[in-house]
Amino acid sequence: MDTDTDELLRLAFAQSPANLANSAITRMRAEVGGDGLATSYEVLLPDGNVRAWLLDTLLPRLVDYLESMGAKLPRCGGVFLSVFHGDTLHFLHARDVIALLSRWSGLSTDELKRRYGPR
């Protein structure tokens, strides 16, 4: 694993074997949302150029998704990322991922909303 992947996956608050993804995501929805209504945003992490992929591909899509569904930045309430990497599924709070990618990109959350939010 490269250091960018390590830094991202250190944000995980839980893990599961990837082959148990359906039951693990259902369990996380209940734990994160309390009412079972938390939303999982599923991501398949690439093997190489992780930082570039996260900033160029994931970040614009994630910001648009979060803002469109009402999980406003920076809190991103009720949304977690289910990140598949190898044979492990990592669960990360969307707010933590946004904070990391904001730092990596040098863009504030307001700038992220302006640049990538819904039009």
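The legends below describe close-up views of a predicted model.

Local features are described where pLDDT is at least 70 and side-chain atom pairs where pLDDT is 80 or more, while totals for chains, interfaces and linings use all residues. Residues are numbered from 1 along each chain as its sequence is written, and side-chain values use heavy atoms, with hydrogens and water left out.

**View 1. The open sheet of four strands.** The strand order is β1-β4-β3-β2, and the pairing is mixed. Helices (H or I, at least four residues) and strands (E, at least two) are DSSP runs, numbered from the N terminus; two strands pair if DSSP finds at least two bridges between them. β1 and β2 (39–44) are at the edges with a single partner strand each, so one side of each has no neighbour in the sheet. From one strand to the next, the twist averages 25 degrees. Angles run from 0 to 180 degrees between N-to-C directions, and axes are lines fitted to C-alpha atoms, for helices over the stretch in contact.

**View 2. Helices on the sheet.** Helix α2 (residues 21–33) packs on the sheet and touches β1, β2, β3 (79–85) and β4. Contact means heavy atoms within 4.5 Å. The direction of α2 makes about 20 degrees with that of β4. Helix α3 lies across β2 and β3 and runs at about 165 degrees to β2.

View 3. Strand β1 covers residues 14–17, and strand β4 covers residues 88–93. The two strands pair in the antiparallel sense over four bridges. A14 has F91 of β4 as its bridge partner, and Q15 has H90. A14 and S16 form the covered face of β1, whereas Q15 and P17 form the uncovered one. Five of the six residues of β4 are buried, so β4 is largely enclosed by the rest of the structure. Buried means under 20% relative accessible area, exposed over 50%, and partly exposed in between (1.4 Å probe, protein chains only).

**View 4. The hairpin of β3 and β4.** β3 and β4 run antiparallel and are joined by six bridges. F84 stands opposite L89 in β4. Two residues lie between the strands of this hairpin, in which G86 takes a positive phi near 65 degrees.

**View 5. Packing of α3 against α4.** Helix α3 (residues 50–69) and helix α4 (residues 94–105) pack with their axes 10 Å apart, at an angle of about 130 degrees. That angle makes α3 oblique to α4. Angles under 35 degrees count as roughly parallel, over 145 as roughly antiparallel, 65 to 115 as roughly perpendicular, and the rest as oblique. On the α3 side, the residues in the contact are R51, L54, L55, L58, L59, L62, V63 and L66. They meet A94, V97, I98, L101, W104 and S105 of α4. By class, this contact of α3 with α4 has 12 nonpolar, one polar and one charged residues. Ala, Val, Leu, Ile, Met, Phe, Trp, Tyr, Cys and Pro count as nonpolar; Asp, Glu, Lys and Arg count as charged; the others, Gly among them, count as polar.

**View 6. The loop between α3 and β3.** P74 lies in this loop. L73 and P74 are joined by a cis peptide bond, with omega about 5 degrees. C76 is found in the loop between α3 and β3 as well. C76 is not a glycine, yet it has a positive phi of about 55 degrees. C76 counts as buried, at 2% relative accessibility.

**View 7. N49 in the loop between β2 and α3.** N49 lies in this loop. Its phi is positive, about 50 degrees, although N49 is not a glycine. With a relative accessibility of 64%, N49 counts as exposed.

View 8. T5 is found in helix α1 (residues 3–9). T5 counts as buried, at 2% relative accessibility. Apart from residues up to four places away in sequence, T5 touches L45, V50 and H85.

View 9. Leaving aside neighbours within four places in sequence, A38 is in contact with R29, V32, G33, G78 and F80. A38 and I25 are 13 residues apart along the chain, and their C-alpha atoms are separated by 9.9 Å.
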